[in-house]
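Open the model in your viewer and keep the selection panel at hand. The tour goes stop by stop.

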Amino acid sequence: MVRSSCLLLRKYGNFIDNLRLFTRGGSGGMGYPRLGGEGGKGGDVWVVAQNKMTLKQLKDRYPQKRFVAGEGANSRVSALKGCKGKDCEIPVPVGISVTDENGKIIGELNKEKDRILVAEGGLGGKLLTNFLPLKGQKRVIHLDLKLIADIGLVGFPNAGKSSLLSKISHAKPTIADYAFTTLKPELGKIMYNDFKQVSVADLPGLIEGAHRNKGMGHKFLKHIERTRQLLFVVDIFGFQLSSQTQYRSAFETIILLTKELELYKEELQTKPALLAVNKMDLPDAQDKFHVLMSQLQNPKDFLYLFEKNMIPERTVEFQHIIPISAVTGEGIDELKNCIRKSLDENANQENDAHHKKQLLNLHISNTVSYSEPPSKNALTSPRMDVTSIN
């Protein structure tokens, strides 16, 4: 047990989801005072998203974590306008949020070839600068990886998320019968018969107090922000982290997971959600499932089981609730169909909302243009034309 945990911790050490870098734009080139020549502008530093790139690869490739762009060329008789310095590009994974040293967001890279300017090159020497070049911008930036996936698996440790991911996709996550098997995010893809692909992220297990950065804490929660929908995975027999912690039933697990999401960021509760109730192959699972369904149909009748500070402002309304067994495969096909259906329905709603917004903007634009009074020139010019004809 101890040896396995150590191996997993060592494995987690190879996964990097944030990195601090020093960047500096290139200095400008010297101007040429006698002939009024301008030095070239210094090169810029860009962060560029690339598929199949990881922050670990970036760190290994550039251990100094310093990125400096090229200097602008000096002005000279044969080329009064100096050439711009060479830009520096920092390759990063898709799904990166870039912030400055004060935590202010500079930008996000959500798809391949997205690029963000993080340090601008200095101006070349010119009349305005007394022909002296300016230095490039210095900036320390933070790269923060937040996974982008269609579905994010949410659940306490040992709920069976890793087993489920291995069943519905080609991913091969580490699976064992002790808490915190998943110490780093795992990504898999569900492949459908019509070649549709749905990405699924198995994220490190939550525990109570995760919003306070307890356990995996924010390292887990930040990744949920970059998933389109949530799939809650709960053990029908409940969860207990250790003999020193309180046992939680399946219903309590759902309420507490909801509360952790709310305390971290309320917007997470607005994401569409599904519920997979796992380990239905075990004895007495059906009886417990019937109890859970009655609790979910009338959740307010059972909130007396919780302390006031543990009750979320709003309970999650699941689009689909599917009993499954990640071990035997029971309910897996139905779950995959429900995931596809939910994503398609949400995509249609987003498209409808987008079209309605476009029509509204068009209507407002037309209304404004028709309601604007004619300008003074528009009133007088026709009379002038008539006068000139007469």
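How many aromatic pairs does the structure hold? It holds five. Rings of Phe, Tyr and Trp (its six-membered ring) pair if their centres lie within 6.5 Å; planes under 30 degrees apart are stacked, over 60 edge-to-face, and the rest tilted.

Before you click, some ground rules. This is a predicted model, in which local features need pLDDT of at least 70 and side-chain atom pairs count only at pLDDT 80 or more, while totals for chains, interfaces and linings use all residues. Residues are numbered from 1 along each chain as its sequence is written, and side-chain values use heavy atoms, with hydrogens and water left out.

**Stop 1: aromatic rings**

Select Phe-232 and Phe-318. Their rings are edge-to-face, 5.2 Å centre to centre, with 75 degrees between the planes. Phe-232 is in strand 12 (residues 227-235), and Phe-318 is in the loop between helix 6 (285-297) and strand 14 (321-323), so the pair ties together parts 86 residues apart in sequence. Helices (H or I, at least four residues) and strands (E, at least two) are DSSP runs, numbered from the N terminus. Phe-232 is buried at 1% relative accessibility, and Phe-318 is buried at 16%. Buried means under 20% relative accessible area, exposed over 50%, and partly exposed in between (1.4 Å probe, protein chains only).

Next, pick Phe-251, Phe-302 and Phe-306. Ring pairs link these residues into a cluster.

**Stop 2: charges over rings**

Select Arg-115 and Trp-46. The charged end of Arg-115 sits over the Trp-46 ring, 4.7 Å from its centre. Now try Arg-340, which lies over the face of Tyr-192 at 5.1 Å from the ring centre. The test: NZ of Lys or CZ of Arg within 6 Å of the ring centre and within 35 degrees of the ring normal.

**Stop 3**

Show strands 4, 2 and 7. They form an open sheet in the order 4-2-7, with mixed pairing. Strand 4 (88-93) and strand 7 (115-119) are at the edges with a single partner each, so one side of each has no neighbour in the sheet. Strand 2 (residues 45-50) pairs with strand 4 in the parallel sense over six bridges; pairing takes at least two DSSP bridges. Find Val-48 opposite Pro-91 in strand 4.

Stay in strand 2 for Ala-49. Ala-49 is buried, at 1% relative accessibility. Its contacts (heavy atoms within 4.5 Å) include Val-92, Leu-109 and Asp-114. The C-alpha atoms of Ala-49 and Asp-114 are 5.4 Å apart, across 65 residues of chain.

**Stop 4: helix 3**

Finish with residues 161-168. Six of the eight residues of helix 3 are buried, so the helix is largely enclosed by the rest of the structure. Among them are Leu-164, Leu-165 and Ile-168.

Notes
Lists of a residue's contacts leave out its neighbours within four places in sequence.
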